Amino acid sequence: MKETIEEVQQVPRMDAVDVIVAGGGIAGIAAALSAARHGMRVLLMEKSAVLGGLATLGLINWYEPLCDGNGELMTTGIAQELLKLSIAYGYNNLPVRWGGSGNERDHDKGRYATVFNPSMFSLALNELLLQENILFRYDLLASNPVMDGKTCKGIIAESKSGRTFYPAAVVIDATGDADILLRAGVPCRSGKNYLTYIGHGCNFTTLQKAQQRGDMVWLNAPGFSAGSDLNGNGHPEGMPMMEGVSGEIVSGYLQQGQSLLFHKLMKKPGSAQCLYTLPGMAQLRTTRCLLSESRFSATDGKREERSIGTVGDFRYRSRRYELDAGCLYHPEYPNLLAAGRIVSAEGDGWEISRVIPTAALTGQACGVFAREMVRTGRAAAAVEIGNVQSALEKDGVRLHFDEPLL
């Protein structure tokens with residue numbers, strides 16, 4: 001056990017809000033938008049200098065399919081809204097049938113998926129939250145929950161201004177690592193990750209192609225990444241997989257990733273390539289998630305009566321899933337919710353819940369849950385699921401794959 005010290009400090013108390021969203025990635029943005037559109041006073045806390053999380057700061061700029069791979073739209077609502085926003089001011093390779101440019105870089109053969117310009121998407125997300133009059137703060141790290149038993153009273157946050165307490169009726173953990181849930185005492189589990197380090201760059205071939213075709217979608221060149229692919233191919237030999245749940249591990253992940261990429265690129269003529277962007281965060285996939293009674297296990301074709309929405313599978317075609325509402329909370333913690341890749345999941349479910357469409361879907365559902373919790377004074381587990389489902393359907397979310405969109 002590490003040696004500890006006891007700290008006593010008076011912390012300024014800020015005005016209370018209805019909902020705090022910890023984390024400004026896709027899940028957090030969807031949660032903030034959803035809660036605010038349902039009349040909640042929302043504060044979104046983002047520790048970095050841009051919105052979008054892994055999708056933007058992390059340079060994982062592929063918006064995974066919103067369809068089932070066979071032409072049927074699965075994931076709608078804010079997930080679809082954000083996909084359209086991601087390409088509104090930048091390049092795309094979304095097929096024509098889904099409203100995109102449909103250029104021949106469409107490697108997914110008609111699926112409702114696209115690449116996007118991460119920096120333009122970040123700017124567009126900033127503008128969206130400003131237009132929606134949502135209170136959000138950059139450079140504000142949601143550090144610790146303040147607990148009264150198993151009820152969260154608010155969040156201690158750190159910024160240039162120092163340490164501050166923000167009270168709230170509901171807290172949505174969208175950190176990507178379940179940091180708030182874990183520190184509140186909520187049961188969680190950690191995952192294992194291959195070492196992957198992806199940068200963006202160009203070379204003369206891609207520059208020429210982009211110029212000839214008049215489309216910057218061709219600018220980024222392959223070869224500006226190091227380490228593993230999705231299946232572990234390229235993971236450094238002898239290196240154990242990484243959990244990514246401590247500062248030391250995250251720092252080591254970044255150090256090793258940068259070193260791998262440096263040694264790969266230094267072998268090529270520097271005048272013939274241009275590395276222009278490095279990720280601003282560790283590109284970890286599954287660090288920590290909620291461990292609750294309900295766990296999304298990605299059972300193909302299974303109907304969930306308490307569904308909060310439907311998703312496809314970015315790895316395969318024809319697979320369709322519904323997410324049970326219970327994956328968003330632990331029943332013993334009345335006012336804490338989980339959004340994004342930290343929802344309660346296991347097996348393939350964690351692979352599917354960690355990607356952009358599912359992150360946006362769970363974030364949107366958390367926003368509606370938060371509205372119901374504030375409105376009724378009920379714990380998450382006691383909320384009338386029919387009210388949540390009705391609100392989600394009115395907001396354009398498809399709840400069951402065997403029923404048409406309303």
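**Notebook: contacts, helices, cysteines and backbone angles**

I looked up S292 to begin with: apart from neighbours within four places in sequence, S292 is in contact with G326, Y329, H330, P331 and S344, where contact means heavy atoms within 4.5 Å. I note that this is a predicted model, in which local features need pLDDT of at least 70 and side-chain atom pairs count only at pLDDT 80 or more, while totals for chains, interfaces and linings use all residues. Residues are numbered from 1 along each chain as its sequence is written, and side-chain values use heavy atoms, with hydrogens and water left out.

I placed S292 in the loop between strand 14 (288-290) and strand 15. Helices (H or I, at least four residues) and strands (E, at least two) are DSSP runs, numbered from the N terminus. S292 counts as buried because its relative accessibility is 3%; the classes are buried under 20% relative accessible area, exposed over 50% and partly exposed in between, with a 1.4 Å probe and protein chains only.

**Helix 9**

I then listed the buried residues of helix 9 (residues 385-394), which are I385, V388, Q389, A391 and L392. They lie on the same side of helix 9 because they cover an arc of only 165 degrees around the axis, the arc being that of the directions from the helix axis to the C-beta atoms. I found strand 15 (307-311) and helix 8 (356-376) as the elements against which these buried residues pack. After helix 9 comes G396, with a positive phi near 90 degrees.

**Helix 2**

I recorded the buried residues as I78, A79, Q80, L82, L83, L85, S86 and I87. Their packing partners are helix 1 (26-37), strand 3 (62-63), strand 4 (114-115), helix 3 and helix 8.

**Surface patch**

I located a nonpolar surface patch of about 330 Å², made by Y89, M120 and L123. Patches are made of residues with over 30% relative accessible area and no salt bridge; like charges are joined within 9 Å, and nonpolar side chains (Val, Leu, Ile, Met, Phe, Trp, Tyr) within 5 Å. A salt bridge is a side-chain nitrogen of Lys or Arg within 4 Å of a carboxyl oxygen of Asp or Glu.

**Cysteines**

I searched for disulfides, that is, pairs of cysteine sulfur atoms within 2.5 Å, and the count came to zero. For C274, the nearest cysteine sulfur is that of C202, 4.7 Å away; C274 counts as partly exposed at 35% relative accessibility. For C289, the nearest cysteine sulfur is that of C188, 7.4 Å away; C289 is buried, with a relative accessible area of 0%.

**Positive phi**

L59, which is not a glycine, has a positive phi near 60 degrees. I found L59 in the loop between strand 2 (42-45) and strand 3, where L59 is buried with a relative accessible area of 5%. N133 also is not a glycine and has a positive phi of about 60 degrees. I placed N133 in the loop between helix 3 and strand 5 (135-137), and N133 counts as exposed at 71% relative accessibility.

Key: Areas by Shrake-Rupley, 256 points an atom, 1.4 Å probe, with all protein chains shown as cover.
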